[in-house]
Amino acid sequence: MLFRVRAKNRLVSRIEGRQLRDFRISEHDFQSILFDNIERFLPDEELLTIAHSRNWQEEPDILALDRKGRLFIFELKVWESQSENILQALRYGQIFGQYRYEKLNELFAAFDGRKRSLDEVHGRIFEDDPPLQKELFNNEQVFVIVTNGLDFRTREAVRYWRSRGLDVRPWVYRTYADPKPDSDDSFLLEMSRFSTIDNPYEDVASKYFILNTNHRNNPKDHDDMLRLQKAAAYFSPWKRKIDQLSPGDMVFLYQSGVGIVACGDASGSREKAPYQGKAEYADEEYFMTLNRFRLVEPPLSAAQIKAISGRNYSFRGTMFSIDEESATGLRNVINQR
């Protein structure tokens with residue numbers, strides 16, 4: 001919920017939410033907005049996206065796995081005041097809930113495009129040793145329904161199914177009129193990042209980021225970033241993380257198992273390139289040049305980062321923001337080296 005606070009007289013009033021139709025936007029348009037920015041809402045350190053529907057066909061909009069191998073089925077068809085979208089998700093559960101590891105691996109191979117096995121990538125993402133056994137994939141399903149905060153019918157249906165023991169979760173968004181629109185089609189969207197656990201750092205709005213160099217997946221990516229002095233990410237949805245960087249944002253490059261190995265300031269100009277120069281992977285690399293680039297020698301380890309910042313960061317994700325106080329502490333230590 002969004003509230004207006006009048007500091008002088010200490011009055012608090014709730015701002016009224018709106019329906020999509022109030023902004024003359026279709027459901028399909030809103031689906032595209034959500035999907036094109038899905039990397040801002042799904043935590044890649046908690047969920048591994050294995051497939052999605054780009055053409056909004058009769059299939060789940062997003063399929064993802066958590067550390068335990070549970071299959072998350074996301075239904076982004078945000079029909080307002082229609083609880084039938086839960087039935088749609090359940091139908092997908094009936095189909096995809098029967099998929100064993102081999103079928104999931106086929107889906108992931110088509111989505112990932114790099115001929116990597118699902119269990120290998122899952123083990124790397126969640127740093128499991130040994131990796132999750134194949135027979136443990138998809139033993140349970142979780143249904144996630146995107147719904148407007150005003151859509152009480154869908155939320156009632158979610159509550160009913162949860163009371164019957166089904167793991168179905170609402171992912172609530174709200175839209176508001178923009179008090180200072182910069183264009184005719186501007187509106188405000190309130191939407192928390194979907195999370196399987198509470199992350200106290202997820203709402204930090206800052207100009208400081210830690211970006212994983214992808215060394216664990218491909219050392220060439222790591223070497224490429226350091227040699228060309230850039231911040232990069234690869235393939236959907238991870239590559240879209242680079243779109244979050246603005247001019248002057250400070251980026252710390254983090255090598256898994258080693259620590260912060262370099263840093264620099266984002267140029268603000270996002271560019272595209274074929275992954276590792278391969279034509280079949282056109283535009284699968286998003287990158288941004290880092291100005292005032294410098295190597296960090298010796299690297300700042302994960303333990304040192306946590307000690308300096310006083311924060312218990314998780315380094316599994318592609319990129320995450322840190323607060324200004326933590327960034328200043330890291331920068332001061334780096335400048336002393």
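Rings of Phe, Tyr and Trp (its six-membered ring) count as a pair if their centres lie within 6.5 Å, with planes under 30 degrees apart classed as stacked, over 60 as edge-to-face and the rest as tilted. A search of the whole structure finds 19 such aromatic pairs. The model is predicted, so local features need pLDDT of at least 70 and side-chain atom pairs count only at pLDDT 80 or more, while totals for chains, interfaces and linings use all residues. Residues are numbered from 1 along each chain as its sequence is written, and side-chain values use heavy atoms, leaving out hydrogens and water.

**Aromatic pairs**
- The rings of tyrosine 254 and phenylalanine 315 are stacked, because their centres are 4.6 Å apart and their planes are at 15°.
- Tyrosine 254 lies in strand β11 (residues 250-255) and phenylalanine 315 in the loop between α7 (302-309) and β15 (319-321), so the pair ties together parts 61 residues apart in sequence; helices (H or I, at least four residues) and strands (E, at least two) are DSSP runs, numbered from the N terminus.
- Tyrosine 254 is buried, at 6% relative accessible area, and phenylalanine 315 is buried at 10% (buried means under 20%, exposed over 50%, partly exposed in between; 1.4 Å probe, protein chains only).
- Phe41, Phe72, Phe74, Trp171 and Phe194 are linked by ring pairs into a cluster.

**Charges over rings**
- The charged end of arginine 270 sits over the ring of tyrosine 286, 4.4 Å from its centre (CZ of Arg or NZ of Lys within 6 Å of the ring centre and within 35 degrees of the ring normal).
- Lysine 103 lies over the face of tyrosine 99, 5.1 Å from the ring centre.

**Helix α4**
- In helix α4 (residues 118-125), 6 of the 8 residues are buried, namely Leu118, Asp119, Val121, His122, Gly123 and Ile125.
- Glutamate 127, which follows α4, has a positive phi near 55°.
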